[in-house]
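Reader: Before I set up any calculations, I would like to go through a few of the contacts with you, one question at a time.

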Amino acid sequence: LKGDRTMTATHSFQDEVVYQIYPRSFQDSNNDGIGDLKGIQQRLPYLKKLGVDVLWLNPIYRSPDKDNGYDISDYEAIQPAYGDMTDFEALLNAVHDNGMKLLMDLVVNHTSDQHRWFQESKKSKDNAFADYYIWRDPVDGHEPNNWGSYFSGSAWTYVPARGQYYLHLFAPGQPDLNWENPEVRQSVYSLMKFWLDKGVNGFRMDVINLISKPADLPDAPQAAGAEYGNVESLVADGPKLNAYLQEMNREVLSRYTDILTVGEMPGSTPEDATHYTNLDGSELNMVFQFQHVNLSPNPDARLGKW
């Protein structure tokens, strides 16, 4: 990732090479067929020889793995197949000893439905976590709107105990957090501090531009013959995204030195990205956006991108 050296603010990462690691398939240290943290640590001399400056790890948190670890049930625990916190701390120290940095994957648009927040939230409308997620009453006996999930099917699942539906833009096992709730935001900032205090050097933020939903949750554009509406135009770059990212920076990121942040932003254009990225320490440093991925769509439109 090459930076513009004419910028008035300079950061060490502007001329650093970032290398993505999917832990499950990278290096298995104990012959159980699953990559792990000790395996990554074994390969640090190789990565250093390649010229890698920063390692970005796909999620390594405790998870039921309904979406390859992007459904997190405990943000402050390591997935047992990868090791434990002692293994992580040894890896982090070794990364730093080799003159490299470590970037964590931050997944806070949603959690796992196994996370204790959701386990409590689904019980009733009046518990301490009741508003941690996006719940709506049925409309005429069905879902609150026509939103479709990115993973197919409805973006809503009904919970009889509450008599309401919860929103999940992805799998039913990935309920969306309610960022309108300040307690949710403070809980997110707390878990970010947990990892930064350990010494990690920043975050790649999963679908971070989806965290602000329109307040009235209107129906989404729906193509002829489609079962559900395409929600992306409504949820990408939502009305409070700037405010949330600025608050995150004030509350967390600005309190640490030279933190690297990359926001994954489906549905954002390069023009949109200018609203969320800079080097002045107010929001994010850079983003991933996906126009290049869509340059060559499947010639058979019936099959879609898959």
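Reader: Which side chain meets that of Glu180 in a salt bridge?

Author: This is a predicted model, and in it Glu180 lies in the loop between β8 (164–167) and α6, whereas its partner lies in the loop between α7 (232–235) and α8 (241–251), so the pair ties together parts that are 60 residues apart in sequence. The N to O distance is 2.8 Å, and the side chain that meets Glu180 is that of Lys240.

Reader: Is Ser63 buried or exposed?

Author: Ser63 lies in the loop between β3 (61–62) and β4 (74–78), where, leaving aside residues up to four places away in sequence, it touches Gly69, Asp71, Ile72, Ser73 and Gln79. Buried means under 20% relative accessible area. Because the relative accessible area of Ser63 is 9%, Ser63 is buried.

Reader: How far apart are the closest N and O atoms of Arg204 and Asp105?

Author: Both Arg204 and Asp105 are buried, and they belong to a network of salt bridges that also links Asp206 and Glu264. In the salt bridge between Arg204 and Asp105, the distance between the closest N and O atoms is 2.9 Å.

Reader: Is helix α4 parallel, perpendicular or oblique to helix α6?

Author: Helix α4 (residues 85–97) and helix α6 (residues 182–198) pack with their axes 11 Å apart, at an angle of about 55°. Angles of 65 to 115 degrees count as roughly perpendicular and those under 35 degrees as roughly parallel. The angle of about 55° therefore makes α4, relative to α6, oblique.

Notes:
Residues are numbered from 1 along each chain as its sequence is written. This is a predicted model: local features need pLDDT of at least 70, side-chain atom pairs count only at pLDDT 80 or more; totals for chains, interfaces and linings use all residues. Side-chain values use heavy atoms; hydrogens and water are left out. Axes are lines fitted to C-alpha atoms, for helices over the stretch in contact, and angles run from 0 to 180 degrees between N-to-C directions. Helices (H or I, at least four residues) and strands (E, at least two) are DSSP runs, numbered from the N terminus. Angles under 35 degrees count as roughly parallel, over 145 as roughly antiparallel, 65 to 115 as roughly perpendicular and the rest as oblique. Buried means under 20% relative accessible area, exposed over 50%, partly exposed in between (1.4 Å probe, protein chains only). Contact means heavy atoms within 4.5 Å. A salt bridge is a side-chain nitrogen of Lys or Arg within 4 Å of a carboxyl oxygen of Asp or Glu.
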